[in-house]
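Me: I have a new structure open. Can we go through the model together?

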Amino acid sequence: MELIVCVKQVPGTTQVEMDPVTGTLKRDGVSSKMNPYDLFALEAALTLRERCGGHITALTMGPPQAKSILLEAVSMGADSAVLLSDRKLGGADVLATAYALSQAVKGRKWDILFCGKQTTDGDTAQVGAETAEFLGVPHVSNVTAIEDIAEDHVDVRVDLDTHVMVQRLPLPCVLCMDRDVNTPRLPSWKRRRELTEEPIEVLSVADLPDPDPKRYGLNGSPTKVERIFQPEKAAQRQMIYGSAEETAAALTALLAEKKFLQEV
Ligand code: FAD
């Protein structure tokens with residue numbers, strides 16, 4: 001079974017600034033980590049490989065520093081990794097990101113492409129579905145378990161809040177894993193130390209089946225984030241001091257004045 005897992009590098013802190021011109025995150029100098037949701041996707045792929053054998057490739061589109069999450073994926077057990085990295089990819093929205101990922105997958109032999117449910121930075125939860133569209137394969141989101149696997153199909157459990165269903169998808173397909181569906185294993189430093197060959201293949205736009213720069217990055221992104229700002233806090237605050245009786249009386253009078261209390 002050939003498994004590919006999409007992993008994204010996200011800021012490791014909430015103290016991140018936006019570029020006022022492009023509306024994209026300023027990632028320079030900000031600590032980064034693997035998107036927590038992608039750990040569940042990777043663990044699902046590792047468990048599936050234990051069940052039926054195969055090969056796992058971790059895939060990310062990002063700056064050169066994103067290599068660190070690929071090494072983490074390999075230390076957790078992925079067999080190889082692909083870093084899609086090029087200045088032409090910068091500022092990509094969901095459409096351009098999904099197109100780039102689909103291009104990195106095209107031409108490879110693969111059975112299941114795993115994604116996380118969403119990221120902790122962009123948070124749109126659309127990349128998996130759009131990547132599947134570009135690849136022309138079925139996809140399903142909110143996957144909580146892989147029930148059964150055969151040569152030509154996979155049965156997955158899907159949690160839809162109001163009900164749970166088991167769906168059968170023909171292979172190849174895209175599965176977007178829900179959160180907290182497993183316990184991701186820790187990276188093995190022994191495994192990392194024992195790596196004799198560089199496990200990361202680096203691709204640029206020129207290496208993709210469609211190298212047209214108009215399809216990628218800001219050029220290929222119909223969505224532009226116009227402005228991001230902290231909402232102003234307009235609510236007024238009034239402090240009430242005194243004993244329990246005094247504050248209760250003052251609060252009751254205030255609520256009555258604002259007509260939040262009805263006289264009985
Ligand atoms: P999601 O769709 O939430 O990610 C789902 C899964 O896809 C991930 O768990 C991962 O497995 C995989 N994945 C996602 N990105 C990558 C990657 N680079 N490499 C490998 N796997 C990946 N874009 C829009 O089109 N519309 C918007 O409204 C929008 N609003 C934004 C608001 C903010 C504050 C920010 C920072 C970005 C916004 N973007 C928007 C841009 C969007 O975040 C990026 O295009 C991003 O590359 C993909 O979307 P996501 O992070 O939401 O991914």
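Me: Let's start with a side chain. Is Arg-157 buried, partly exposed or exposed?

Reply: Arg-157 is partly exposed, with a relative accessible area of 34%. Buried means under 20% relative accessible area, exposed over 50%, and partly exposed in between (1.4 Å probe, protein chains only). Bear in mind that this is a predicted model: local features need pLDDT of at least 70, side-chain atom pairs count only at pLDDT 80 or more, and totals for chains, interfaces and linings use all residues. Residues are numbered from 1 along each chain as its sequence is written, and side-chain values use heavy atoms, with hydrogens and water left out.

Me: Which side chain does Arg-157 meet in a salt bridge?

Reply: Glu-147, at 2.7 Å from N to O. Arg-157 sits in strand E8 and Glu-147 in strand E7 (residues 139–149), ten residues apart. Glu-147 is partly exposed too, at 38%. A salt bridge here is a side-chain nitrogen of Lys or Arg within 4 Å of a carboxyl oxygen of Asp or Glu. Strands (E, at least two residues) and helices (H or I, at least four) are DSSP runs, numbered from the N terminus.

Me: How many salt bridges are in the whole structure?

Reply: A search finds eleven. One of them joins Arg-185 to Glu-43, with the closest N and O atoms 2.8 Å apart.

Me: Why does that pair tie together parts of the chain?

Reply: Because Arg-185 lies in the loop between strand E10 (173–177) and helix H5 (189–194), while Glu-43 is in helix H1 (residues 36–52). Those parts are 142 residues apart in sequence.

Me: Buried or exposed, what is Glu-43?

Reply: Glu-43 is buried, at 7% relative accessible area. Arg-185 is partly exposed, at 27%.

Me: What about Arg-49? Which residue meets it in a salt bridge?

Reply: Asp-79, at 2.9 Å from N to O. Asp-79 is in the loop between helix H2 (67–76) and strand E5 (80–84), and Arg-49 is in helix H1, so the pair ties together parts 30 residues apart in sequence. Arg-49 is buried, at 18%. Asp-79 is partly exposed, at 34%.

Me: Back to E8. Which way do E8 and E9 run?

Reply: Antiparallel. Strand E8 (residues 153–159) and strand E9 (residues 164–170) are joined by seven bridges. Two strands pair if DSSP finds at least two bridges between them. Asp-155 stands opposite Arg-168 in E9.

Me: What is between those strands?

Reply: Four residues, in the hairpin of E8 and E9. Asp-161 takes a positive phi near 65° there.

Me: New topic, the ligand. Which residues come nearest?

Reply: Lys-8, Asp-38, Ala-92, Thr-119 and Thr-124, out of 28 residues around it. A residue counts as near if one of its heavy atoms lies within 4 Å.

Me: What classes make up that shell?

Reply: The shell has 13 nonpolar, ten polar and five charged residues. Nonpolar covers Ala, Val, Leu, Ile, Met, Phe, Trp, Tyr, Cys and Pro; charged covers Asp, Glu, Lys and Arg; the others, Gly among them, are polar. Strand E4 (55–61), helix H3 (94–105) and strand E6 (112–116) each supply at least two shell residues.

Me: Which backbone atoms are by the ligand's oxygens?

Reply: A polar backbone atom of Ala-92 is 2.7 Å from a ligand oxygen. For Gln-126, such a distance is 2.8 Å. A backbone N or O atom of Val-127 lies 2.9 Å from a ligand oxygen.

Me: How much of the ligand's area does the protein cover?

Reply: The protein covers 84% of the 930 Å² of accessible area that the ligand has on its own. Accessible areas come from the Shrake-Rupley method with a 1.4 Å probe; for residues, only the protein chains shown count as cover.

Methods
Polar contact = N/O pair within 3.5 Å; in protein donor to acceptor, adjacent residues only side chain to side chain.
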